[in-house]
Protein chains: 2
Amino acid sequence: MSQTVTEFEVHDIRFPTSQQLDGSDAMNPDPDYSAAYLVLRTGDGSEGHGFCFTIGRGNDIVAAAIEALRPYVVGRPAPTRAADLAALHHDLTHDSQLRWLGPEKGVIHMAAGAVVNAAWDMAATRAGRPVWEFLASMTPEELVSLVDFRYLTDVLTRQEALAILRAAEPGRAGRAALLRERGYPAYTTSPGWLGYSDEKLVRLAKEAVADGFGQIKLKVGLDIEDDVRRMELARAAVGPSVRIAVDANQRWDVAEAVRWMTALAPYEPHWIEEPTSPDDVLGHAAVRAGQPVKVATGEHAANRVVFKQLLQARAVDFVQIDAARVAGVNENIAILLLAAKYGVPVCPHAGGVGLCELVQHLAMFDFVAVSGSWEDRVIEYVDHLHEHFADPAVIVDGRYAAPRAPGFSARMLPGSIAAHSCPDGPARQARPTAEEAGS
Amino acid sequence: MSQTVTEFEVHDIRFPTSQQLDGSDAMNPDPDYSAAYLVLRTGDGSEGHGFCFTIGRGNDIVAAAIEALRPYVVGRPAPTRAADLAALHHDLTHDSQLRWLGPEKGVIHMAAGAVVNAAWDMAATRAGRPVWEFLASMTPEELVSLVDFRYLTDVLTRQEALAILRAAEPGRAGRAALLRERGYPAYTTSPGWLGYSDEKLVRLAKEAVADGFGQIKLKVGLDIEDDVRRMELARAAVGPSVRIAVDANQRWDVAEAVRWMTALAPYEPHWIEEPTSPDDVLGHAAVRAGQPVKVATGEHAANRVVFKQLLQARAVDFVQIDAARVAGVNENIAILLLAAKYGVPVCPHAGGVGLCELVQHLAMFDFVAVSGSWEDRVIEYVDHLHEHFADPAVIVDGRYAAPRAPGFSARMLPGSIAAHSCPDGPARQARPTAEEAGS
């Protein structure tokens, strides 16, 4: 049977999450968690799944962008080795006409990421390994071959990247065993959505501690007095030893961020996440210098060039990769290597639809084969929408269990795809139309 | 008759420019100049035209993104005043669900720009004035009301912007008269495309000088020896007093840019444009510090936050705004104000389809009402595709004549729209398909 990719199926999948205010924050009051979802199939019956995460309107635009990448995939042999995955990533991000739409940012770059991630899912599945193990089985030479070093070499050369990976090589087996035994540290954002009442916040914060989480996160940024009260309530609920991160979702200018975090500092927030524009490297550096709380960002950083600068400018204390915003696994390897060079911990962004499932593999790969450490590192966890996945992320005692099933853990169940596909799926009917939600 | 916007018509327009290698550069070997083109119409018969410029594949994605903005426009009263244009710009860039696709960058941000610019075309046309005059007739208070200061206030507050505009107010009438009399300085890129032979380069460079241009531009970045030879030929052709800018179109890493420009420096390039990634603020600063040639960038800078940092980091000697990449006139006013604050000249990017027509208005407005200067300032000119416009840019003795017709000068002729619309227009047939051009 043919080992060629023959099918390239794009779905516009939407969940009406805005009805419960799940996911509500200072910039995104009413998200409808959505995925522009891609299924690849080969003639010999293997599949690869990938997607972009969006919050509702515009999911169709991203689906159209994924569709535009079809010619790069259909007719191509199923990827199996690093060289295949390097070539596909290169082709998708170097189409000069499509690159013009970014370059390397926004809709077209996210679409490339969905295709790259689907290819990794297919390759790892064919190899019979979870993606984190599949990655950690590659040699340092194979791993650097996956990275596009363009625009990075003033800070990270191929040789330096090789040295980082080689230094981590001797400990790989031991750390993989540790990971299988103990899982990877997680934190939960479930208590802290802005749309929740104080009572719900306190109840969920206490539940999080009881469930074994050592860190929770609160959304902030709409009203400073509300935030001080919520932070005080949360601190009282969890006690002094549980970490409380706060997340402003890009709400502030620099001076506002400094003022706000100075007010919250007495309650010892672990980090302030996305205090300002994700494009503002120098702004993040100013926020970091201007108040006592550590700074985290990255879920909306457009590409490896922005991460490079965040590290160069000493603008962040924590690097928050996202599995589905940059150009997939390959570009995230570049970002992990940059963070390792600077010794800055990577604490991935997750939540949404399927982001926990994907990004756990990247953090675990980082632990086993790149940074070699889980010190000060945590993966975000949000307990929404996991029921739609065939191999959902599993949390045990506040830690992500290491995935054992082959692939990238993000295959949505066929019934969920059918039920939530737009415009024909029945779940779509619950969603407000753009016209209703518009001006 | 109704003064409400009732029609919102999106066209996918493509020109098969790759057949002549017009527009070829180190990153874009075969562009098919295209426009995702929007026509607004009111019940009482007025129109507003706007568009995104792309180079072929993916033009349909941008058209889909413009389409997604329809609910914000249809049913809205025709814009006439600054307040209307401020509100529309705000609504288009603050839809939280669509913002997720950027934020404020790439496809969705370019689409917002097309709609904003169409609204400006409509408002200026209804006022019976070209856009540059329409803008220059507004008070400083009206002008600052058009700007979104979010993420700018650490560098430019509303008060500072007002002070800049007020300082320029007394000289407005005199400079407008000067502009009508003399036009605005231009330079031409027509001689310098990478796909052209040495003979064609020399012939076109001489023609440019004969036509009155004081500056030309060469594309560089594919082969250093070729570039040294071409630069030497061009310098010999134009003599010592004509400026020759060079443009690498993002081709290099920092060290490569420094090495290359050090080799070209003996021929006295006026600036090096886009030496590296448009996202790399710190990289541009390093290139500027590392070699003697002045640095220009901006045509692919995603938004005002990137421009803010380019200026903060002293990374550029020239700011190159683009009329159709950021969110339209409003965001470009923010960028003009940022450049004025730092005293850095704005030298707009143009060419493509209709970009000369649009951006001349912004440079002229800058001269009349913002920076108050045309010292060291030039607008790019490329002599392609102007025949498709009803009110094309006019060059006289190497200068842009000030537009006199109402509107934004970028209304494509109905026959051109029909002939080049995709997928049904006949001109479309000449274009290679994505399948042919793909991997």
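This is a predicted model: local features need pLDDT of at least 70, side-chain atom pairs count only at pLDDT 80 or more; totals for chains, interfaces and linings use all residues.
## Ground rules

Local features here need pLDDT of at least 70 and side-chain atom pairs count only at pLDDT 80 or more, while totals for chains, interfaces and linings use all residues. Residues are numbered from 1 along each chain as its sequence is written, chains are lettered from A in the order in which they are written, and side-chain values use heavy atoms, with hydrogens and water left out.

## How the two copies sit

Let's start with the pairing. Two copies of a chain are related by a rotation about an axis and a shift along it.

## The interface

Counting a contact as heavy atoms within 4.5 Å, 69 residues of chain A touch 69 residues of chain B. The interface residues of chain A are, to 100%, interface residues in chain B too, so the copies meet through the same surface.

The two chains bury about 5600 Å² between them, with 55% of it on carbon and sulfur atoms. Buried area means the accessible area (1.4 Å probe) that two parts lose on being put together, summed over both.

## Aromatic pairs

Rings of Phe, Tyr and Trp (its six-membered ring) pair if their centres lie within 6.5 Å; planes under 30 degrees apart are stacked, over 60 edge-to-face, and the rest tilted. That rule gives 23 aromatic pairs over all chains. Take A:Trp271 and A:Phe318: their ring centres are 5.1 Å apart and their planes at 50°, so this pair is tilted. A:Trp271 is in strand S7 (residues 269–273) of chain A and A:Phe318 in strand S9 (residues 318–319) of chain A, so the pair ties together parts 47 residues apart in sequence. Strands (E, at least two residues) and helices (H or I, at least four) are DSSP runs, numbered from the N terminus. Buried means under 20% relative accessible area, exposed over 50%, and partly exposed in between (1.4 Å probe, protein chains only).

Over in chain B, B:Tyr33 and B:Phe53 make an edge-to-face pair, 5.1 Å centre to centre with 80° between the planes. B:Tyr33 is in the loop between strand S1 (5–14) and strand S2 (34–42) of chain B, while B:Phe53 is in strand S3 (residues 47–54) of chain B, 20 residues apart. B:Tyr33 is buried at 6% relative accessibility, and B:Phe53 is buried at 5%. There is also a cluster that crosses between chains, with ring pairs linking A:Tyr33, A:Phe53 and B:Trp100.

## Charges over rings

A charge sits over a ring if NZ of Lys or CZ of Arg is within 6 Å of the ring centre and within 35 degrees of the ring normal. The charged end of A:Lys200 sits over the ring of A:Tyr196, 3.9 Å from its centre. A:Arg150 does likewise over A:Tyr151, at 5.9 Å.

The peptide bond from A:Gly102 to A:Pro103 is cis, with omega near -15°. A:Pro103 is in the loop between helix H3 (96–99) and helix H4 (106–127) of chain A. In chain B, the bond from B:Gly102 to B:Pro103 is cis as well, with omega near -15°.

A:Asn249 isn't a glycine, yet its phi is positive, at about 45°. A:Asn249 is in the loop between strand S6 (243–247) and helix H11 (254–264) of chain A, and is buried at 3% relative accessible area. A:Glu274 has a positive phi too, near 45°. A:Glu274 is in the loop between S7 and helix H12 (281–290) of chain A, and is buried with a relative accessible area of 0%.
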